[in-house]
Amino acid sequence: MNGQMMSAPLLISSLITHAARHSGDVPIVSRRIEGDIHRTTYSQLHDRARQMAHALGGLGVQAGQRVATLAWNGYRHLELYFAVSGSGAVLHTLNPRLHPDQLLYILDHAEDQVLFFDLTFLPLVEAVAGRCKTVRHFVAMIDKDKMPASKLPNLLCYEDLIAAQKPDFVWPTFDENTASSLCYTSGTTGNPKGVLYSHRSTMLHTYASVMPDAIGISSRDCVLPVVPMFHVNAWGLPYSCAMVGAKLVLPGPALDGKSLHELIATEQVSFAAGVPTIWLGMLQYVEQNSLSLAPLQRTIIGGSAVPPSMMRSFEDGYGIEVIHAWGMTEMSPLGTVCRLRQKHLADPLDVQHARLEKQGKAVFGVDMRIVDPQGADVAWDGKSQGDLLVRGPWVVQSYFGPDGAQPLVSDETGAQWFPTGDVATIDADGYMQITDRSKDVIKSGGEWIGSIDLENVAMAHPAVAMAAAIAIPHPKWDERPLLVVVRKPGTEVTREELIEHYKGKVASWWVPDDVVFVDAIPIGATGKMLKNKLREQFKDHRLPGV
Ligand code: ADP
């Protein structure tokens with residue numbers, strides 16, 4: 001017997017209609033590529049999103065077709081989030097940090113029909129436009145008087161498209177399983193793979209994200225997503241903020257410490273989100289200039305492991321709570337968030353800190369396991385490591401496209417799980433800690449050495465700006481760790497001092513065999529260290545005594 005309640009589909013358009021109706025006057029502040037600060041509200045944004053939805057129809061975009069963006073975090077990009085998905089088409093956010101050849105591959109693979117872009121990316125668009133097979137219209141996201149002189153075919157002006165339409169578009173109702181948006185993985189191994197989200201998966205992810213033990217935002221927050229809207233939908237924050245009616249501050253192209261600090265101070269940002277590499281820059285800027293970070297109260301950091309030293313800088317130096325989170329494109333992205341339970345509040349401070357350094361507990365909706373190579377469950381004792389598997393309504397089922405691989409594995413009951421490629425421990429209270437990506441693991445004498453632990457220890461040294469631990473082939477032990485270090489400007493530290501720094505902090509057989517100093521560590525399109533590049537660079541490195 002079915003229940004007798006309304007069956008209203010979960011649709012992304014409901015987020016903006018709700019925000020406009022119930023939080024219509026809440027500001028959305030954007031730093032534009034023009035350099036100025038732009039202000040709008042949820043109510044005005046709703047009108048413009050509906051004008052854009054009409055315009056998309058005028059461009060011939062049909063339900064299910066892909067509309068691509070190459071854009072920073074800004075109000076026009078946000079309008080497209082609602083206009084494209086809300087009207088039944090699929091928003092495909094492209095990562096401009098990818099190599100043009102990779103972008104071209106993704107544009108063709110997704111069969112994008114229209115490409116919206118910020119002027120910053122005009123040269124990139126011009127470089128690929130002649131070669132991409134399906135894009136029919138290029139739209140510059142800029143005022144009419146700033147339209148560039150360009151040979152792009154069918155180049156349209158965003159503001160012209162909006163101005164020609166009325167804000168009376170009626171959002172269609174359709175099946176909540178309809179595709180809403182598309183993100184490609186960064187493709188550090190092989191070609192990027194498309195993850196196609198649905199309205200249902202996005203809405204459930206949004207409900208779960210805003211819960212207090214998850215991202216935890218409310219209508220009293222002013223939220224600064226530094227994480228790009230081209231990277232896993234800025235961790236869903238554009239949707240979450242609309243759901244709760246939070247003020248949004250969108251940083252545009254200016255992601256340097258000074259610009260971010262300025263926005264935090266002038267817009268009274270209470271909550272910010274970003275990857276560790278972004279916060280390294282901002283912390284350095286505020287430290288060097290003896291600035292305060294008030295009114296920021298909380299920051300959620302993920303995408304890579306947060307170095308404990310960064311947590312201490314935020315918390316002890318500025319009184320800002322750091323919330324460590326883990327996820328991936330295949331998970332929309334939220335998987336776990338680290339928050340203390342009631343019983344942990346009685347723990348000594350150092351025990352609390354150690355717990356908060358973990359990636360945290362599964363958000364309701366995500367189920368997880370750790371397994372050995374035979375697929376058997378590994379104990380949740382906080383020590384035993386295993387391959388991390390997940391499942392849930394916002395976890396990928398299969399990759400996009402005719403060649404879309406089916407990545408899931410079945411357990412003995414037939415239930416399907418997504419193998420994350422991460423290696424982790426889970427403790428008795430359910431707190432998960434990533435020790436490595438499976439391809440970054442250092443295997444010494446048949447045992448795993450956690451490269452993240454080695455990096456965290458190095459990062460705690462006052463002279464270390466960035467550190468990566470990578471595996472180097474070893475005749476006796478198979479592999480041994482090499483530490484690659486970028487020194488902070490104006491500091492000195494030797495190989496011997498760094499090796500000494502490990503004593504007593506990790507098992508003696510984990511201590512790196514060698515340290516090399518470099519000017520920079522290669523960073524990928526989503527802000528992560530490219531350890532495969534480092535392994536290639538140092539493949540002929542001879543460890544001492546070998
Ligand atoms: P995103 O960077 O948004 O998480 P990607 O799909 O690009 O999405 O990368 C996912 C991978 O990033 C994870 O499988 C994991 O290896 C790594 N990762 C994400 N968050 C963390 C974290 N908090 N700690 C350690 N690794 C993380």
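A254 sits in the loop that runs between β11 (247–250) and α10 (257–267); helices (H or I, at least four residues) and strands (E, at least two) are DSSP runs, numbered from the N terminus. This is a predicted model, in which local features need pLDDT of at least 70 and side-chain atom pairs count only at pLDDT 80 or more, while totals for chains, interfaces and linings use all residues. Residues are numbered from 1 along each chain as its sequence is written, and side-chain values use heavy atoms, with hydrogens and water left out.

With a relative accessible area of 15%, A254 is buried. Buried means under 20% relative accessible area, exposed means over 50%, and partly exposed lies in between (1.4 Å probe, protein chains only). Leaving aside residues up to four places away in sequence, A254 touches R31, S259 and L260; a contact means heavy atoms within 4.5 Å. A254 and L349 are 95 residues apart in sequence, and their C-alpha atoms are 36 Å apart in space.

Another loop residue is S218, placed between α7 (199–209) and β10 (222–225). S218 is buried, at 18% relative accessible area. Residues up to four places away in sequence again set aside, S218 touches V244 and A246.

Some places in the backbone deserve a look. The peptide bond joining A294 and P295 is cis, with omega about 10 degrees. P295 belongs to the loop between α11 (276–288) and β13 (298–301). A cis bond also leads from S332 to P333, where omega is near 5 degrees. P333 is in the loop between β14 (321–327) and β15 (334–337), and S332 is likewise placed between β14 and β15. S332 is not a glycine, yet its phi is positive, near 75 degrees. S332 counts as buried, at 7% relative accessibility.

A positive phi is also found at W235, a residue other than glycine, with a value of about 55 degrees. W235 lies in helix α8, which covers residues 232–235. The relative accessible area of W235 is 9%, and W235 is therefore buried.

Now consider the whole chain. It has 16 helices and 26 strands. Its radius of gyration is 24 Å, close to the 24 Å that the globule rule gives for 546 residues, so the chain is as compact as a globular protein of that length. This radius is taken over C-alpha atoms, and the globule rule is 2.2 Å times the number of residues to the power 0.38. Along the principal axes, the C-alpha atoms fill a box of roughly 70 × 65 × 50 Å.

Of the 546 residues, 58% count as buried. Among contacts between residues at least 6 apart in sequence, 66% join residues at least 24 apart. The accessible surface comes to about 22,500 Å², and 52% of that belongs to carbon and sulfur atoms. Accessible areas come from the Shrake-Rupley method with a 1.4 Å probe; for residues, only the protein chains shown count as cover.

One part of the chain carries a label from a record. UniProt, in an unreviewed entry, places the feature "domain: AMP-binding enzyme C-terminal" at residues 454–528. UniProt positions are given in the numbering used here, feature names are shortened, and annotations may be inferred rather than shown by experiment. In the model, the span 454–528 is 17% helix and 33% strand, and its end C-alpha atoms lie 16 Å apart.
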